[in-house]
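Work through the exercises below with the sequence and the 3D view at hand. Try each task before reading its solution.

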Amino acid sequence: MKTKKVSKAVFPVAGLGTRFLPATKSIPKEIMTLVDRPLIQYAIDEARAAGIKEFIFVTSRGKSALEDYFDHAPELESELRKKGKTDLLEVLKDTNMDSGAIAYVRQNRPMGLGHAVWCARRLIGNEPFAVLLPDDVIAAEKPCLQQMVEAYEQTGGNMVAAMEVPPAKASSYGVLDIAEDMGSIIKAKGMVEKPKAEEAPSNLAVIGRYILSPKVLTNLNRMKQGAGGEIQLTDAIAEEIGGDGGGVYGYRFRGQRYDCGSKAGFLQATVAFGLSRPDLRDEFASYLNDTVALQKAAQ
């Protein structure tokens with residue numbers, strides 16, 4: 001199947017990050033660091049690995065630090081160069097974006113994920129595009145979106161990342177209704193946003209990676225309110241099931257997802273990524289082992 005290359009990605013980053021107050025009173029949540037890299041850097045690196053060339057950020061007031069992060073820092077770079085700190089200069093390279101590669105649009109009211117994606121419609125045009133939610137950080141040997149792009153080349157249509165969740169947690173996700181389970185790829189016959197546990201059609205939840213056709217933007221144009229009174233991206237994707245746009249597929253990615261939109265998930269990711277770093281692993285593991293031993297002794 002011949003599919004059009006996915007070269008654009010949307011990053012919805014307009015949220016206030018209230019679950020991380022007071023930290024997010026003055027800094028965007030997406031700039032909070034997981035070990036020594038902001039959450040947004042993990043999403044950008046994943047998109048780059050998947051072949052994304054144009055990066056579209058849907059922002060809101062108070063996000064200027066996010067925009068500055070991807071700009072060049074001549075004074076800092078000059079100082080590092082003078083001191084011969086070439087290793088740190090190399091680290092900074094990944095934080096710089098070429099002129100014209102990144103664009104920002106404003107979402108002036110919090111009306112849901114679907115509305116945030118709709119705000120980027122003029123920059124997307126009539127092309128397939130990816131959506132990445134920086135709160136979902138995925139540790140994988142091959143980056144999640146790269147896995148999806150390769151699968152999308154076989155299926156076309158629309159594709160969402162999917163993972164199995166306990167039934168009790170289904171109400172926190174969009175959930176797939178399965179038409180055909182082909183292993184890594186699942187053909188969907190329905191999608192339900194935040195169903196009650198007893199009404200969930202499966203235990204396959206949609207998480208924050210999507211490859212979508214421009215027809216989804218047409219569906220969002222209708223501004224149809226869904227769960228929570230918001231404009232839900234899930235609803236707009238579900239409208240493509242059974243249509244002539246190639247259908248909707250779930251993709252069981254290989255990797256570990258961390259919900260860094262929650263404090264517990266953020267801490268879990270910090271431990272996992274810290275232990276994966278050769279320069280931190282031994283000292284950090286020793287500290288964790290000592291801490292666990294002290295807790296057991298205290299009990």
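Two strands pair if DSSP finds at least two bridges between them. Keep in mind that this is a predicted model.

**Exercise 1. Find the strands that pair with S6, and name a bridge partner in S6.**

Step 1. Locate strand S6, residues 129–132. Strand S1 covers residues 8–12 and pairs with S6 in the parallel sense, over two bridges.

Step 2. Look for a residue pair. Alanine 9 has alanine 130 as its bridge partner in S6.

Step 3. Turn to strand S11, residues 204–212. S11 and S6 pair in the antiparallel sense over four bridges. Here phenylalanine 129 stands opposite leucine 212 of S11.

**Exercise 2. Decide whether the faces of S6 are covered or open.**

Step 1. Start from a general rule. In a regular strand, side chains alternate between the two faces of the sheet.

Step 2. Sort the residues. Phe129 and Val131 are on one side, and Ala130 and Leu132 are on the other.

Step 3. Check burial, which requires under 20% relative accessible area. All four residues are buried, so both faces of S6 are covered.

**Exercise 3. Trace the aromatic pairs of phenylalanine 273.**

Step 1. Begin with the count: there are eight aromatic pairs. One of them joins tyrosine 42 and phenylalanine 273, with 5.2 Å centre to centre and 75° between the planes. That pair is edge-to-face.

Step 2. Tyrosine 42 lies in helix H1 (residues 39–49) and phenylalanine 273 in helix H10 (residues 263–275), so the pair ties together parts 231 residues apart in sequence. Both residues are buried.

**Exercise 4. Which charged residues sit over the rings of tyrosine 42 and tryptophan 118?**

Step 1. Take tyrosine 42. Arginine 37 lies over its face, 4.1 Å from the ring centre.

Step 2. Take tryptophan 118. The charged end of arginine 121 sits over this ring, 3.6 Å from its centre.

**Exercise 5. How many disulfides does the structure hold, and where does cysteine 260 stand?**

Step 1. Inspect cysteine 260. The nearest cysteine sulfur belongs to cysteine 144, 14 Å away. A disulfide needs two cysteine sulfur atoms within 2.5 Å.

Step 2. Check burial. Cysteine 260 is buried, with a relative accessible area of 0%. Cysteine 119 is buried as well, at 16%.

Notes
Residues numbered from 1 in each chain as written. Predicted model: local features only at pLDDT ≥ 70, side-chain atom pairs only at ≥ 80, totals over all residues. Heavy atoms only, no water. Buried < 20%, exposed > 50% of the residue type's maximum accessible area, 1.4 Å probe, protein only. Phe/Tyr/Trp six-rings, centres within 6.5 Å; stacked < 30°, edge-to-face > 60°. Lys NZ or Arg CZ within 6 Å of the ring centre and 35° of its normal.
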